[in-house]
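Here are my notes on the model, point by point. Please read them beside the coordinates.

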Amino acid sequence: MHKDESKKDSVRMNTKGHTNNGFVQNEAVTERETDGSNQADPLKTSTIDIQEPDPIKPYAGMPKEVLLLYSSQARYKVPREILFWLIVVSVVVLISSTIAIIILSPKCLDWWQVSPIYQIYPRSFKDSNQDGNGDLKGIQEKLDHIINLNIKSVWITSFYKSSIKDFRYGVEDFREIDPIFGTMREFENLVAAIHDKGLKLIMDFIPNHTSDKHIWFQLSRNRTGKYTDYYIWHNCTHINGITTPPNNWLSVYGNSSWQYDEVRNQCYFHQFMKEQPDLNFRNTDVQEEIKEIIQFWLAKGVDGFSFDAVKFLLEATHLRNEPQVQKNLDIVTNYSELYHDYTTTQVGMHDILRSFRQTMDQYSTEPGRYRFMGTDPSDQEGIEETMMYYGKPFVQEADFPFNYYLTEMNTLSGTKVFEVVASWMKNMPEGKWPNWMIGGPDTTRLTSRFGKDYVNVMNMLVLTLPGTPITYYGEEIGMEDILATSITGSYDTSLLSKSPMQWDNSSNAGFSKGNQTWLPTNTDYQVLNVDVQKNQATSPLKLYQELSSLRLTDLLLSRGWLCYIWDDANVLVYMRELDGLDRVFTIVLNFGETTEVNLQGLSIGLPEKASIKLSTTFTNQGQTVATAAVRTEKGEGLILEHRMPTLLHHQEAFKDKCLVSSKACYSSFLNILYNSC
Ligand SMILES: [Ca+2]
Ligand SMILES: [Ca+2]
């Protein structure tokens with residue numbers, strides 16, 4: 001029965017002269033011919049069927065021929081075409097919206113942005129072998145302290161093989177660890193331990209010069225092969241012990257920057273000490289050597305470099321005298337008495353730094369393996385010169401130049417802090433990432449500059465500003481410089497901020513079990529140490545932990561806008577806000593004396609009450625304050641949380657007072673960050 005119907009359909013279609021594709025038509029013809037030659041009746045029957053067609057309806061399982069017949073009818077064709085194009089459009093929309101989301105989504109914060117960077121002066125952190133000097137193994141023993149601070153990256157300052165005289169800065173071998181700090185095996189163990197704990201490692205690199213004991217210098221002074229031009233040599237006269245240098249250029253530490261060398265009978269150039277000859281960076285062989293050293297450490301798993309003293313990399317080849325600040329002086333010997341037009345920030349210096357970046361990029365291709373590049377121009381330059389280290393929109397250079405401006409402040413006030421913060425934020429190229437430091441190995445510790453009262457408020461400042469805070473070891477507990485009188489014999493003032501880390505109240509503050517330490521421990525260590533503060537509910541350490549935890553978890557602090565609200569001699573007030581979040585943080589920091597500010601008077605739409613999210617005193621946490629009278633004591637800091645009807649960066653009056661590093665908005669509905677705002 002089924003077979004018969006099938007035949008009927010075939011014939012009907014052919015006799016109607018229906019156009020179809022060749023395959024189906026041939027099949028039908030074959031079928032008809034076969035059937036026709038053997039069975040006349042069915043053919044006859046089908047002819048009758050043509051004249052009186054049965055109302056055949058489409059149904060599931062129908063033969064292909066019938067399906068094609070009906071499918072060409074308008075009532076089926078049109079919906080089919082509509083559906084087809086709907087699918088095409090949906091696919092295109094889906095693909096383009098996926099691409100749009102990828103393009104519009106802000107980049108996730110990288111490891112060097114998500115948490116503070118902890119800077120360690122390795123000789124003073126922890127001594128593992130009782131010789132009184134901190135070492136790499138000691139750092140490894142104390143990694144949990146860094147994790148407890150919610151910190152993800154560690155910056156260890158120079159530990160290369162160096163001579164004691166120019167310790168840290170005069171490298172004798174860029175591929176060796178100084179024995180005082182341990183062995184290469186211990187370094188590799190430290191890198192493994194750092195990575196095992198989910199931390200990253202940044203190390204120093206000082207490309208400008210080497211120690212005069214470096215093999216390159218020894219070969220250079222003997223004019224050996226390619227090493228002949230590894231340093232900057234020029235003719236000079238040397239008669240009866242008196243050298244007449246090629247020009248008036250001065251070393252950073254004073255006096256001529258040219259040193260006569262008897263072996264070569266020429267003068268070599270040194271920006272720093274005479275034991276630290278400058279490498280000749282105009283020599284491509286030198287550039288290649290430096291590149292290979294960078295690769296050497298990257299291959300060992302180092303996650304980033306702080307390139308030190310980079311503005312000194314190149315000097316002018318014309319050797320003209322540098323202009324004097326005071327023209328009438330006959331002799332100048334102090335570095336500050338010259339304008340350093342020909343010995344700092346020379347054309348081509350940034351190209352060299354970009355070549356460092358390119359080398360590091362070759363090691364950054366795997367996910368999660370981005371290599372960080374920070375630059376340290378040594379002395380802070382003008383803000384515009386400093387910003388050049390960020391590179392250009394399409395030419396990447398450093399991830400950031402280190403921001404020393406807060407460490408150079410000698411007096412503290414709300415307005416002064418505001419000026420320093422605003423200067424960086426306003427001058428920073430669009431889309432770049434700021435950083436903040438309040439101390440470091442070469443600056444007086446904050447506590448010694450301004451007193452203990454401002455430890456908490458300064459930590460609250462750097463941890464609530466946008467960007468990466470850099471915490472010099474001991475700042476989390478408010479360590480102070482040691483007194484100059486505690487050091488016997490001659491000393492360098494920069495040693496005062498490098499005293500041993502204060503771990504507990506055992507001998508040598510738990511830094512070393514040896515009889516002596518290389519620098520004396522601060523006398524306050526029994527009351528000011530990690531162990532004591534761990535057990536105090538309201539210590540600087542506890543506050544630091546709370547702040548770093550909040551910064552890690554709250555989008556307002558990590559991604560939000562910064563809007564300045566108020567600054568005066570005592571307080572600085574700013575807001576952190578993010579599109580898509582209906583709550584904001586208003587941060588009130590007191591850098592002066594007890595004062596009260598009326599934030600209602602600003603008429604910016606603040607609610608009458610705000611709750612205290614975090615306070616440097618801890619006691620008032622969770623309480624509400626009237627925004628018409630926000631009172632803070634000397635050195636007190638408050639993070640207030642409240643709602644805002646209109647975010648400040650949408651208000652006309654705040655157009656120039658709100659800044660953001662990389663734009664981001666949050667959608668609570670989709671639970672994603674995006675940047676089309
Ligand atoms: Ca040691
Ligand atoms: Ca140089």
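1. Four cavities of 30 Å³ or more are present in this predicted model. A cavity is a set of points on a 1 Å grid over the protein atoms alone where a 1.4 Å probe fits but cannot get out. Volume is the space filled by probe spheres set on the points, which are joined across faces, edges and corners.

2. The second largest cavity has a volume of about 60 Å³. Its lining (residues with an atom within 4 Å of a point) consists of Ile438, Arg445, Leu446, Thr447, Val455, Asn459, Glu475, Gly478 and Met479. Two elements, α15 (446–450) and α16 (455–464), each give two or more residues to this lining. Helices are DSSP runs (H or I, at least four residues), numbered from the N terminus.

3. The largest nonpolar core has 137 residues. Such a core joins buried Ala, Val, Leu, Ile, Met, Phe, Trp, Tyr and Cys through side-chain atoms within 4.5 Å; buried means under 20% relative accessible area, exposed over 50%, partly exposed in between (1.4 Å probe, protein chains only). Phe187, Trp297, Phe305 and Leu461 have the most contacts inside it. Helix α14 (residues 414–427) gives the most, seven residues.

4. The calcium ion (ligand 1) is coordinated by Asp127 (OD), Asn129 (OD1), Asp131 (OD), Asn133 (O) and Asp135 (OD), at 2.2 to 2.4 Å. Asn129 is partly exposed at 47%, whereas Asn133 is buried at 9%.

5. Conventions: residues are numbered from 1 along each chain as written, chains are lettered from A and ligands numbered from 1 in written order. Local features need pLDDT of at least 70, side-chain atom pairs pLDDT 80 or more, while totals for chains, interfaces and linings use all residues, and side-chain values use heavy atoms, without hydrogens and water.

How values were computed
1 Å grid on protein atoms, 1.4 Å probe; cavity = no way out; pocket = protein on both sides within 12 Å on 5 of 7 lines; lining within 4 Å. Donors = N, O, S within 2.8 Å, 3.2 Å for Na, K, Ca; no water.
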